[in-house]
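Here's a short tour for anyone opening this one up for the first time. Have a look at the sequence and the fold, then read on.

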Amino acid sequence: MTKATDLRAKTEDQLGEELGNLKREAFNLRFQAATSQLEKPSRVREVRRDIARIKTLQNERSRSSAK
């Protein structure tokens with residue numbers, strides 16, 4: 001699980017890359033869940049929340065730069 005303070009230290013490019021990795025992981029976790037091969041169900045929730053954290057931070061940055 002990624003903390004918001006760790007994410008704030010990253011650049012916009014790093015956040016985009018991290019978001020892509022998390023989305024790919026979320027897809028793989030959904031695939032594993034559909035085939036009943038999911039070892040750690042709690043990881044799905046963690047990945048979803050990390051994605052939300054990154055999107056929230058990106059939204060905050062875009063709104064602050066628009067002012």
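## Some ground rules

A residue counts as buried under 20% relative accessible area, exposed over 50%, and partly exposed in between, using a 1.4 Å probe and protein chains only. The model is a predicted one, so local features need pLDDT of at least 70 and side-chain atom pairs count only at pLDDT 80 or more, while totals for chains, interfaces and linings use all residues. Residues are numbered from 1 along each chain as its sequence is written, and side-chain values use heavy atoms, leaving out hydrogens and water.

## A pair of rings

With that in hand, take Phe31: its relative accessible area is 53%, so Phe31 is exposed. Phe27, at 47%, is partly exposed. Rings of Phe, Tyr and Trp (its six-membered ring) pair if their centres lie within 6.5 Å; planes under 30 degrees apart are stacked, over 60 edge-to-face, and the rest tilted. The rule turns up 1 aromatic pair. Phe27 and Phe31 have ring centres 6.5 Å apart and planes at 35°, so this pair is tilted.

Both sit in helix H2, 4 residues apart, which means about one helical turn separates them. Helices here are DSSP runs (H or I, at least four residues), and strands are too (E, at least two), numbered from the N terminus. An α-helix has 3.6 residues a turn, so residues three or four places apart point the same way.

## The core

What makes up the largest nonpolar core? Ten names answer that: Leu7, Leu15, Leu19, Leu22, Ala26, Leu29, Val47, Ile51, Ile54 and Leu57. Helix H2 (12-34) and helix H3 (42-66) are the elements giving two or more residues to this core, and H2 gives the most, with 5 residues. By definition, such a core is a set of buried Ala, Val, Leu, Ile, Met, Phe, Trp, Tyr and Cys residues joined through side-chain atoms within 4.5 Å.

Ile54 touches Leu7, Leu15, Glu18, Leu19 and Leu22, leaving aside residues up to four places away in sequence; contact means heavy atoms within 4.5 Å.

## Along H2

The buried residues of H2 pack against helix H1 (4-8) and H3. Gly16 also lies in H2, but with a relative accessible area of 33% Gly16 is partly exposed. Gly16 and Ile54 are 38 residues apart in sequence and 8.4 Å apart in space, C-alpha to C-alpha.

Expected span is 1.5 Å times one less than the number of residues. The 23 residues of H2 should span 33 Å, and the end C-alpha atoms are 33 Å apart, which agrees. Just after H2, Ser36 takes a positive phi of about 55°.
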